[in-house]
Each structure stands twice: as structure tokens, then as C-alpha cells.
Amino acid sequence: MEANKSSSTQDQAVATTPAVEQTKPATPKHEFSIDLLNMTKAAQIQHGLRHGDYARYRQYCARRLTRLRKTLGFTHGKGRFTQKRLNVQQVTQQKHLLLPLMSAERSWSLAMELKEQQDNPRARFHMLRRLKKAVKSCNELVALCAETADDKTKLEAEAYASWMTGNLRLEEEDWAQALDSFTRARTIYDNLSKVGDADTQETFKVRVQEIDPTIRFCNYNLSQGEDLSGIRGTAAAQGASSDVLLQAKLDKVLTDLRKKQGEAMREVTWNGKTVPIKNDKLRELVLSAQDNIFEIEKLDSLEAKLELYDKTFIIYNDALNILRDELRQFQGSKKNVKTESQESDLRFLFDFVSHTKLSRTVDRNLLLVSSLTGKAETKDPKQRTPGPKEIIKLYDTIIQNVNEMSELRDSEDEEYHKSIAAKLLTFKAFRCFYVAHSYYNASKWPETLALLQRTIDYTKSALDHHDKCSPPSTEDIKSLKVLQGRVKGKRAASQAKAFAESQPQAETQTDAAGDKEKTTKEGQAVLNLDAFDLDPRRVKEGNLIDFPPDFEAIPCKPVLFDLALSAVEFPDLSERRKTKAKGFFGFWRS
């Protein structure tokens with residue numbers, strides 16, 4: 001009986017086992033998130049690459065790789081070496097993805113260390129082998145991230161692998177493949193630099209700046225080849241389909257990141273102060289405006305950008321109306337600590353939205369200014385050439401917007417006011433230049449020269465203010481330096497035209513006394529090089545320099561006579577004089 005019971009229970013267990021296996025939930029798919037570029041940059045700076053010490057960084061990567069293997073239990077065995085390959089099923093932790101990453105960094109750092117050994121002829125072959133191993137590890141990282149990581153990490157892994165492949169092709173002097181790899185990496189990093197916090201964006205921008213010179217170098221070497229069109233055509237044909245897929249991935253990742261930022265946007269930080277956004281409608285409007293600004297950067301058509309700017313300003317106006325309605329509720333209510341705090345937060349949000357709207361208005365007007373200046377420089381006969389008065393009106397509006405930004409109540413940050421003052425002086429300098437340009441077109445030379453001098457003063461003051469800001473605006477500084485060159489050219493042209501117009505009038509004037517002594521030394525051009533004079537007699541009468549030059553008295557070398565020697569009484573030094581030795585051995589003693 002007991003045997004039958006036991007057999008029956010075993011049969012039941014065996015029978016129920018498949019049912020249990022059928023109802024067992026599937027293992028959830030992991031989606032790890034790693035900031036690959038931030039992690040590698042931080043490790044490089046902390047462990048030697050701040051000073052270019054690749055050996056120290058390689059040693060760090062080796063130690064880090066050993067610690068990861070021990071922590072994950074993924075060693076190659078204690079006795080005989082047995083290499084283990086990491087597959088997708090074994091990736092259960094985020095640290096598993098660091099194994100191929102650290103392996104690639106170790107191989108790359110060794111390759112860079114060998115690259116510095118110029119005296120070793122075998123170092124180059126060893127370096128290429130290390131770079132190939134680094135590329136292999138990068139490809140393993142891309143394959144693992146494709147199954148176990150989120151979309152952003154996948155793109156970062158692809159960019160990292162493309163960058164490493166570009167380094168290998170660059171050393172192999174395969175310029176076409178290197179250009180393709182670096183361009184792909186730059187595209188990903190450039191798009192990722194538009195989302196995330198400020199530090200993350202700066203890290204991606206620095207990587208883009210590092211890649212740009214290499215791309216130019218590859219283009220230069222390709223331009224030296226004989227069949228340039230064939231090489232580029234092949235590269236374009238190979239990368240056409242991949243570019244479409246890459247752009248689709250980028251759009252999906254950027255959309256997801258902006259959505260996550262919107263969901264996490266529960267507060268606003270501005271000028272060192274953080275205030276929560278409690279109104280859901282207000283939060284949606286702010287996020288919608290941010291999305292529009294991001295879309296404007298991707299557009300190429302001026303009309304499309306202006307249309308989207310108009311929609312964005314409508315959104316900002318709706319947000320300001322919501323804040324005004326909420327502020328009216330506190331006008332007749334009793335004041336206490338809680339209501340005063342809520343009212344202060346609402347006023348802060350009102351100033352924040354106003355500041356953002358004014359900033360976008362300035363960007364829109366600057367876009368119009370660049371469009372008008374571009375049309376003025378091209379001088380297309382089919383289109384009307386815009387005059388400086390149109391640009392002056394835009395700069396008047398820009399200056400008015402900047403003044404309104406400086407008058408906001410909650411803008412108490414000192415750095416904020418410094419940057420506003422620097423921008424105000426910058427726009428005043430450009431406005432003054434175009435006012436001078438309008439007088440230049442009207443042939444009013446004294447007014448033109450005076451306004452150009454005022455522009456120089458504004459430019460110097462603006463550069464001084466930008467230097468005091470932290471961080472300074474590199475774009476504004478660059479534009480001001482370009483403006484300085486334009487002012488110098490316009491000033492020289494104004495002086496030349498003023499001189500040319502005054503010359504015919506001076507020729508008709510005759511001296512009643514016929515006195516030609518006016519062309520004296522005071523009128524010589526060589527003695528007045530720093531002064532601008534419209535007198536044409538310097539050129540017409542040949543009074544550039546007086547030749548041969550007149551004799552001038554110069555001091556000669558003085559002659560000294562010693563008249564006090566006969567009156568000087570010298571002291572008696574006979575006692576100090578050495579006495580001669582006497583005796584038989586005196587000759588040797590002396």
C-alpha cells in the first residue's frame with residue numbers, strides 16, 4: 001500500500017511539473033543604462049591622461065578589469081588558462097557590460113603608449129594589433145548592449161565603436177573608412193549633446209570638438225588622391241542606408257529622453273533658485289515650448305523657423321496668463337507665511353517664463369538679422385537689397401528686450417546681471433556700426449568716423465565685460481572680434497573717400513599771396529603719420545619728406561682735463577713697502 005501511495009504521489013508530481021513550467025513567468029529583459037563617455041572620460045582624467053600618462057591609465061584598466069572579473073565570478077580559472085567569452089545570457093548585472101569596455105580601454109591605452117615610441121620599429125605593428133583588439137572589444141560591447149541596454153546606451157556604444165574603428169583606420173591610412181567612422185561617431189555625439197544636463201552636454205560637445213580636426217585631416221588626405229570622386233561615391237553608397245537607420249535611432253532616443261525630462265520636470269531652477277511647478281497645465285506649456293525650440297534647431301527654412309517661433313510665443317503667452325490668474329488670487333487674501341511663500345514662487349515662475357520668452361525673442365530677431373546681412377552681402381539682383389535701417393530697427397528691439405530682462409524682479413544673481421550687461425554692450429556695438437554704415441551710404445564722413453569710434457569703444461567695453469563673466473560667451477566674443485575687423489576696414493574706406501572728395505576743392509583754392517612756405521616741416525607727411533589730414537598739398541606738392549634733411553645739432557662726446565692732479569697730496573706708503581732680504585741666502589728669499 002505504501003509503495004502504491006508513493007508511486008501515485010510521484011506520478012502526480014511528474015504530471016504537475018509541466019503545468020508548473022507552463023505557468024512560470026518569463027525572465028524579464030534587462031535594460032541597463034550606462035553613461036559610457038562620462039565614465040571613460042572621468043577615469044581617464046583621474047588616472048593619468050590629464051598629463052598624457054598612458055602607461056598609468058593602462059595599469060588602472062588592468063586592475064579594474066581584474067576586480068570586475070573577481071566580483072562577477074568570471075575569471076579564466078586558477079590553474080590552466082581557459083578563456084571565457086561573455087554572451088548575452090550571462091549578462092545579469094550592469095557590471096558585465098564594463099568588461100568589454102575596460103578591455104577596449106586597456107588595449108587603446110597600450111596602443112597610444114606604443115605610438116609614442118618612435119625609436120622602436122616594431123612598436124607600430126604592436127600598436128595596430130592592440131587597436132584591432134580594442135575594436136573587437138568594442139564590437140562585443142555593441143552586441144551586448146543591443147540586447148541588454150536602453151536605446152541611449154546602444155547609441156553611445158555605437159559611437160564609441162565607430163570612434164575606435166576610426167582610430168584604427170586612421171593609423172592604417174585608410175582615409176575613406178576612417179572618415180566614415182568618425183563622421184558616424186560625430187553625428188551621434190552631436191545629437192546627444194542636445195539633451196541631458198549641462199555637464200553631460202558639455203562632455204559630448206568636447207568629444208565633437210576632438211573629432212572635427214580628424215575629419216578635416218581625412219578630407220585633406222582624400223583630396224590628395226587621384227580618384228577622389230570614386231572614393232567618396234563608394235563611401236556615400238555604403239553609408240546611405242546606414243545613415244537613414246542611424247537617424248531613425250537618434251530621433252527615437254532623443255524623443256524618449258525629452259519625454260523622460262518632461263515627466264521628471266517637477267521644478268524649475270533659475271539663477272540659483274529652485275521652485276516647484278504645481279500647475280499641470282503650466283508644466284505642459286513649458287515642455288511644449290521646449291519641444292518647439294528643439295524642433296527649430298533642426299529646421300533649415302527661415303519661414304518654417306519663424307512660424308514655429310510664433311507658435312512658441314503663443315505658448316509662452318498662455319503660460320503667463322495662467323500665472324497672472326493665479327497671482328490675482330493673492331491680491332485680496334490675507335497675508336501669512338504660507339501665502340507669501342506661494343506668491344513668491346509664482347512671481348519667480350512668472351519672471352522665469354518672461355525671461356525665457358524674451359531670450360527666444362532675441363534669438364528670433366538675431367535670426368532675422370543674419371538673414372538680412374546675408375542678403376546684403378550676396379547682392380542678388382533679383383531680390384531687393386536690405387538697407388542698414390532695417391537692421392537698426394531689429395537691434396533696437398533686441399536692446400529693448402535685453403533691458404527688460406535686466407529689470408526682472410527675481411534676477412538677483414550677480415553673474416546673470418554681468419552676462420546681461422555684456423550682451424547689452426554687444427548689441428549696442430552692432431547697432432552703432434550699422435548706424436555708421438547708414439551715414440557712410442549718405443557720404444557723411446565726419447558722422448561716420450565719430451560713430452565708428454563709438455563702435456570701437458562699445459566693442460572694447462563689451463569684451464571686458466565678457467571676460468568678467470563665468471563662463472564667457474564664446475560666440476559673442478568671436479562676433480565682436482569680427483566686428484573689430486569690419487570697423488577698421490570701414491574706417492579706412494571712410495577716410496579714403498573723405499580725402500578723395502576734399503581733393504578737388506583744395507585744388508581750386510589758391511593762396512592770395514602765393515606763399516609756398518606753408519609746405520614747411522609742419523606740413524611734412526613723414527612727421528604726421530599718426531594724424532589724418534585732408535590737406536591734399538602733402539601729395540600734390542610732393543611735401544612727403546624734406547630731402548636732403550637739414551643739419552641738426554647733436555651733443556658731442558665731452559673732453560675731460562685732469563686739473564686737480566697737481567693739488568692732490570698722496571699718503572706716505574713707504575712703511576708698507578716690502579724690504580729687500582739681506583745675507584748669503586737673500587737671493588733665494590727674495
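1. The side chain of Thr148 lies 2.7 Å from the backbone oxygen of Leu144. That is a polar contact (N or O atoms within 3.5 Å; within protein, one must be able to donate a hydrogen and the other to accept it, and residues adjacent in sequence count only if both atoms are side-chain atoms). Thr148 belongs to helix 5, residues 123-148. Thr148 counts as buried because its relative accessibility is 4%. Buried means under 20% relative accessible area, exposed over 50%, partly exposed in between (1.4 Å probe, protein chains only).

2. This is a predicted model: local features need pLDDT of at least 70, side-chain atom pairs count only at pLDDT 80 or more, and totals for chains, interfaces and linings use all residues. Residues are numbered from 1 along each chain as its sequence is written, and side-chain values use heavy atoms, without hydrogens and water.

3. The protein chain averages a pLDDT (predictor's confidence in each residue, 0 to 100) of 79, and 76% of the residues score at least 70. Over residues 226-242 the pLDDT is below 50, with seven contacts (heavy atoms within 4.5 Å) beyond near neighbours in sequence. Residues 505-520 stay under 50 and have seven contacts beyond four places in sequence.

4. Strand 1 covers residues 267-270, and its side chains alternate. Helices (H or I, at least four residues) and strands (E, at least two) are DSSP runs, numbered from the N terminus.

5. Strand 2 (residues 273-276) runs antiparallel to strand 1, joined by four bridges. Strands pair if DSSP finds at least two bridges between them. Thr274 in strand 2 is the bridge partner of Thr269. Two residues separate the strands of this hairpin, where Asn271 takes a positive phi near 55 degrees.
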